[in-house]
Amino acid sequence: MNNLLTDSFELPRTQPSGDVDIEQGLQAPMHSSELGMEGFFKQVQDIEKQIEKLSKLLAKLQDGHEESKAVTKASAMKAIKNRMEKDIDEVLKIARITKTKLEELDKDNLANRQKPGCGKGSAVDRSRSATTLSLKKKLKENVTDFQTLRETINQEYREIVERRVFTVTGNRPDEETIDQLIETGNSEQIFQKAIQEQGRGQVVDTLAEIQERHDAVKDLERKLLELQQVYLLIFQANSMKIFITTYG
């Protein structure tokens with residue numbers, strides 16, 4: 001991942017700050033450490049690494065979902081469910097870490113304005129603000145991707161349930177039947193006639209697979225919604241900071 005600063009930020013060499021007396025001549029150029037940029041660069045790189053981890057985990061979850069669509073055995077579905085749950089737990093962990101790091105970056109940006117030559121509106125301050133905003137934009141793109149995955153899983157789960165019912169019963173289920181299955185995961189009543197005609201042993205794998213799939217979808221949905229809440233806290237806090245900075 002490209003560093004957000006290397007191509008866009010250059011420290012001023014002979015640019016006087018707004019509070020310098022021109023008659024006294026130009027001040028000596030300040031080093032990046034004096035301007036607080038070395039620590040800032042490190043913070044940005046740390047956050048970029050966390051966002052990259054989120055992108056990789058998103059790809060793993062997408063792959064897991066695609067794999068699950070072809071599964072018809074409960075044991076195979078359970079294995080995929082366990083793997084995806086582990087990945088989404090890691091996503092939540094990283095999201096919280098990233099939230100904390102961004103909050104620290106915001107605080108440091110404000111504190112850095114107290115240094116000579118780094119006041120509000122200075123080149124350093126503008127660069128820090130723009131870079132921080134770019135990080136949050138990348139994170140927001142992650143939000144969209146994870147929520148798109150959640151919507152895709154829910155939609156395709158509905159289609160899979162419909163196919164399972166048709167395969168076992170030979171009849172297309174109505175919307176109410178699908179809704180009931182999606183809500184409860186309890187398919188035995190729906191498959192009662194098939195159980196009577198084919199025997200419970202013939203249908204039991206489908207019953208178990210549907211239950212595993214139901215549990216997986218509901219758990220992933222809950223955790224992806226939790227992830228969305230973590231992100232919303234970041235963006236709401238950022239919106240408030242922008243409002244205070246603009247109108248406070």
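In what order do the elements of the protein chain run from the N terminus on? They run α-α-α-α-α-α.

This is a predicted model, in which local features need pLDDT of at least 70 and side-chain atom pairs count only at pLDDT 80 or more, while totals for chains, interfaces and linings use all residues. Residues are numbered from 1 along each chain as its sequence is written, and side-chain values use heavy atoms, with hydrogens and water left out.

**View 1. The whole protein chain.** The protein chain has six helices and zero strands. Helices (H or I, at least four residues) and strands (E, at least two) are DSSP runs, numbered from the N terminus. Of the 248 residues, 41% are buried. Buried means under 20% relative accessible area, exposed means over 50%, and partly exposed is in between (1.4 Å probe, protein chains only).

View 2. An unreviewed UniProt entry places the feature "coiled-coil region" at residues 37-64. UniProt positions are given in the numbering used here, feature names are shortened, and annotations may be inferred rather than shown by experiment. In the model, this stretch is 100% helix and 0% strand. Its end C-alpha atoms are 41 Å apart.

View 3. Helix H4 covers residues 175-184, and its buried residues are Thr177, Ile178, Leu181 and Ile182. Seen down the axis of H4, these residues fall within an arc of 130°, so they line one face of the helix. The arc is that of the directions from the helix axis to the C-beta atoms. An α-helix has 3.6 residues a turn, so residues three or four places apart point the same way. Glu175, Glu176 and Glu183 are exposed on the other side of H4. After H4 comes Gly185, with a positive phi near 75°.

**View 4. The largest cavity.** The whole structure holds two cavities of 30 Å³ or more. A cavity is a set of points on a 1 Å grid over the protein atoms alone where a 1.4 Å probe fits but cannot get out; lining residues have an atom within 4 Å of a point. About 90 Å³ of space lies in the largest cavity, a volume being the space filled by probe spheres set on the points, which are joined across faces, edges and corners. Helices H1 (37-68), H2 (74-112), H3 (123-169) and H6 (200-247) each supply at least two residues of its lining. H6 gives the largest share, four residues. Among the lining residues are His65, Met77, Tyr157 and Arg213.

**View 5. A charge over a ring.** Arg172 lies over the face of Phe166, at 4.0 Å from the ring centre. A charge sits over a ring if NZ of Lys or CZ of Arg is within 6 Å of the ring centre and within 35 degrees of the ring normal.

View 6. Leu105 is in helix H2 and is buried, with a relative accessible area of 0%. The C-alpha atoms of Leu105 and Ile47 are separated by 9.6 Å, although these residues are 58 residues apart along the chain. Gln229, in helix H6, counts as partly exposed at 46% relative accessibility. Gln229 and Val143 are 86 residues apart in sequence and 9.9 Å apart in space, C-alpha to C-alpha. Gln192 belongs to helix H5 (residues 192-198) and is partly exposed, at 34% relative accessibility. Between the C-alpha atoms of Gln192 and Thr169, 23 residues apart along the chain, the separation is 9.3 Å.

Conventions: 1 Å grid on protein atoms, 1.4 Å probe; cavity = no way out; pocket = protein on both sides within 12 Å on 5 of 7 lines; lining within 4 Å.
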